[in-house]
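We will go from one stop to the next, selecting residues as we go.

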Amino acid sequence: MSRPAHRRPEYRKINKDLFVLTYGALVAQLCKDYEKDEDVNNYLDKMGYGIGTRLVEDFLARSCVRRCHSYSEITDIIAQVAFKTYLGITPSVTCNNPSRTAFSLILDKNPLVEFVEELPAGRSSLCYCNLLCGIIRGALEMVHLAADVTFLQDKLKGDSVTEIGITFLKKLDEKKYRRKK
Amino acid sequence: MADAALFEFLHMEMVAELWSHHYDPGPGGQKMSLSVLEGMGFRVGQALGERLPQETLAFREELDVLKFLCKDLWVAVFQKQMDSLRANHQGTYVLQDNSFPLLIRMASGLQYLEEAPKFLAFTCGLLRGTLSTLGIKSLVTASVASLPTCKFQVVIQKT
């Protein structure tokens, strides 16, 4: 055989499908366990946070990213490197405020919802992909950056795009980085 | 592969979260949590089974299906082959993985032996679900003598 089996295209797809399907089963189970959408959203965020705190090490080991000097650089790395590495998509980034501390990731495609056509009945406030918000928040916290991360728009709720808002909460200490130069 | 890391971390969180939610300290409590995880694995296994390459559906013998699980499915899901497959030719198979990826992050040896079943329940369901899509009804259990080696026992149910 010319290529190791796990690199064959059909098996890469199975590997990606495994994550997406498992995520779907998880959301379904949480919907069984908790009646309120809010509770499911919170648990997804909490679990995402746990994943993010560990994923960031994996990410830094894989990707040799350069040191960032601004929130906008960090957001670009999240969109262009992290999302690309783990989900195979590159959301576009927009800045939401003049002080450049609030950004949006616009997801045109979202592999997590590949097998989901619409939210389950009676679950109109469910943030199906809330895990992603938790992951980003947990990962940022591990590199000492506090941020609020929430869904601003959601295609599953009828919006035209899916948009994740990242608002950095403390000013990056500019002096710290200048000293390292 | 990056996808594999994401799945492993998700699995770890799922075990922690679902275990604490469904755990009932009374008798049989552990079983409830394990069966929730196993049930999820089953549904995922069924769905994965439907996505397998077409040629896999043309198996002639039961043993071929088990070999497929050990090679192709295990490689697709865990990036490695199962390390050994034993059959008693009466419908019972033992699949052994000497370094099961979902146990690797835990210490090796005898520490955490008690915790190991939680980390195997989903995969047991996954195997049972995939077999179900391939037309085989089974019971799958797992045992660990020493991390990260584990054995999956597949008992084919004759209808």
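This is a predicted model: local features need pLDDT of at least 70, side-chain atom pairs count only at pLDDT 80 or more; totals for chains, interfaces and linings use all residues.

Residues are numbered from 1 along each chain as its sequence is written, chains are lettered from A and ligands numbered from 1 in the order in which they are written, and side-chain values use heavy atoms, with hydrogens and water left out.

**Stop 1: α2 and α4 of chain A**

Select residues 37–63 and 130–142 of chain A, which are helices α2(A) and α4(A). Helices here are DSSP runs of H or I with at least four residues, strands are runs of E with at least two, and both are numbered from the N terminus. The two helices pack at about 40°, their axes 6 Å apart; axes are lines fitted to C-alpha atoms over the stretch in contact, and angles run from 0 to 180 degrees between N-to-C directions. The pair is therefore oblique, the term for angles that are not under 35 degrees (roughly parallel), over 145 (roughly antiparallel) or 65 to 115 (roughly perpendicular).

**Stop 2: α2 and α3 of chain A**

Pick out Leu55(A), Asp58(A), Phe59(A), Arg62(A) and Ser63(A) in α2(A), which meet Ile77(A), Val81(A), Ala82(A), Thr85(A) and Tyr86(A) in α3(A).

**Stop 3**

Which residues are closest to the centre of the second largest pocket? Select Gly24(A), Ala25(A), Ala28(A), Val116(A) and Tyr128(A), from a lining of 17 residues. A pocket is an open set of points on a 1 Å grid over the protein atoms alone where a 1.4 Å probe fits, with protein on both sides within 12 Å along at least five of seven lines; lining residues have an atom within 4 Å of a point. Helix α1(A) gives the most to this lining, with seven residues.

**Stop 4: two backbone details**

Go to chain B, where a cis peptide bond joins Leu147(B) and Pro148(B), with omega about -5°. Pro148(B) sits in the loop between β3 (138–146) and β4 (149–156) of chain B. Finally, select Arg100(A), in the loop between β1 (92–95) and β2 (102–107) of chain A. Arg100(A) has a positive phi of about 55°, although it is not a glycine.

Technical notes
Contact means heavy atoms within 4.5 Å.
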